[in-house]
Amino acid sequence: MIDLISIDFLMAESKKLTASEYKNVYDTMYSALCLFANTYVNNLDLAKDIVQDVFIKIWEDNIEFQNQFTIKSYLYTSVRNRSLDYLKSHRVKVTESLVVDDFIEAESDPFFMQEVVIAETTNIIDNAINTLPKKCAQIIRLSVKGKSNAEIAEELGLSLNTIKAQKKIAYKRLKPILEHSFILIAFVFDI
């Protein structure tokens, strides 16, 4: 699990985030929260605005937290609530069959938890891929999008053997990084 802030912050009493702790939380959680908000509003620009609003509120209101887990919980809950508030106020369809007037599914705990797990897993995988060399990461990202080795080779102008070799290197480097998250990843991607 990625530590959001230093171990010094893990204490029983609530405290306000310092500027560096706030920046660390923002840098660590921003992408995952945007993806999470996007599952509700289905508009990435709007999702980014919602997440930024939540972070601004934390900063302006000097909200106190007990530890990194309460921060994550607060962030996900706040982003969910702001997303649902937006949908309710704008009378937008959430999906083809779920209209804003009927939020039973969207507000249910299983749905919320599933979306949190997906956002966290996506963040873990993205962070792991970011540790790879640039070309290796690019190849893995295309592979994750469902492209075949031949399609990746054609798109990047590389040989098929280069793609296979780069993927082998990537898997070898990703395995120890993602090993501790395997159960979570397997659950999300139904492996």
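## The main nonpolar core

The largest nonpolar core has 29 residues, and those with the most contacts inside it are Leu 33, Val 51, Phe 55, Ile 58, Leu 75, Tyr 76 and Val 79. At least two residues of this core are supplied by each of helix H1 (19-41), helix H2 (44-61), helix H3 (68-90) and helix H5 (109-129), and the largest share, 11 residues, comes from H1. The model in which these features were found is a predicted one.

Leu 33 illustrates how these parts meet: with residues up to four places away in sequence left out of the count, Leu 33 touches Val 51, Phe 55, Leu 75, Tyr 76 and Val 79. Apart from this core lies another, of 11 residues, which includes Ile 124, Cys 136, Ala 137 and Ala 170. In soluble globular proteins, nonpolar side chains tend to be buried together.

## Overall organisation of the chain

The secondary structure of the protein chain comes to nine helices and two strands, and along the sequence these elements follow the pattern β-α-α-β-α-α-α-α-α-α-α. Of the 191 residues in the protein chain, 39% are buried. When contacts between residues at least 6 apart in sequence are considered, 63% of them join residues at least 24 apart.

The C-alpha atoms of Lys 15 and Gln 66 are separated by 6.4 Å, although the two residues lie 51 residues apart along the chain.

Helix H8 (residues 160-178) has 19 residues and reaches 26 Å from its first C-alpha to its last, which is close to the 27 Å expected at 1.5 Å a residue. The buried residues of H8 are Ile 163, Gln 166, Lys 167, Ala 170, Leu 174 and Leu 178, and one of them, Ala 170, is also among the residues of the 11-residue core.

The axes of helix H6 (residues 134-144) and H8 come within 9 Å and cross at roughly 95°, so H6 is roughly perpendicular to H8. On the H6 side, Lys 135, Cys 136, Ile 139, Ile 140 and Ser 143 take part in the contact, and they meet Ile 163, Gln 166, Lys 167, Ile 169, Ala 170, Tyr 171 and Leu 174 in H8. By class, this contact of H6 with H8 has eight nonpolar, two polar and two charged residues.

Ala 165 is also found in helix H8, where a relative accessible area of 37% makes this residue partly exposed. Ala 165 and Cys 136 are 29 residues apart in sequence, and their C-alpha atoms are 9.3 Å apart in space.

Leaving out residues up to four places away in sequence, Ala 153 touches Leu 158, Ser 159, Leu 160 and Ile 163. The C-alpha atoms of Ala 153 and Ile 139, which are 14 residues apart along the chain, are separated by 8.8 Å, and Ile 139 is also one of the H6 residues that meet H8.

Asn 149 likewise has its place in helix H7. Aside from its neighbours within four places in sequence, Asn 149 is in contact with Leu 160, Ile 163, Lys 164 and Lys 167. For Asn 149 and Lys 167, which are 18 residues apart along the chain, the C-alpha atoms are separated by 9.2 Å. Lys 167 is one of the buried residues of H8.

## The loop between H1 and H2

Asn 42 has its place in the loop between H1 and H2, and its phi is near 55°, a positive value in a residue other than glycine. The relative accessible area of Asn 42 is 64%, so the residue is exposed.

Methods
Residues numbered from 1 in each chain as written. Predicted model: local features only at pLDDT ≥ 70, side-chain atom pairs only at ≥ 80, totals over all residues. Heavy atoms only, no water. Helix = DSSP H or I, 4+ residues; strand = E, 2+ residues; numbered from the N terminus. Expected span 1.5 Å × (residues − 1). Buried < 20%, exposed > 50% of the residue type's maximum accessible area, 1.4 Å probe, protein only. Core = buried A, V, L, I, M, F, W, Y, C linked by side-chain atoms within 4.5 Å. Contact = heavy atoms within 4.5 Å. Axes fitted to C-alpha atoms, helices over the stretch in contact; angles between N-to-C directions. Parallel < 35°, antiparallel > 145°, perpendicular 65-115°, else oblique. Nonpolar A, V, L, I, M, F, W, Y, C, P; charged D, E, K, R; others polar.
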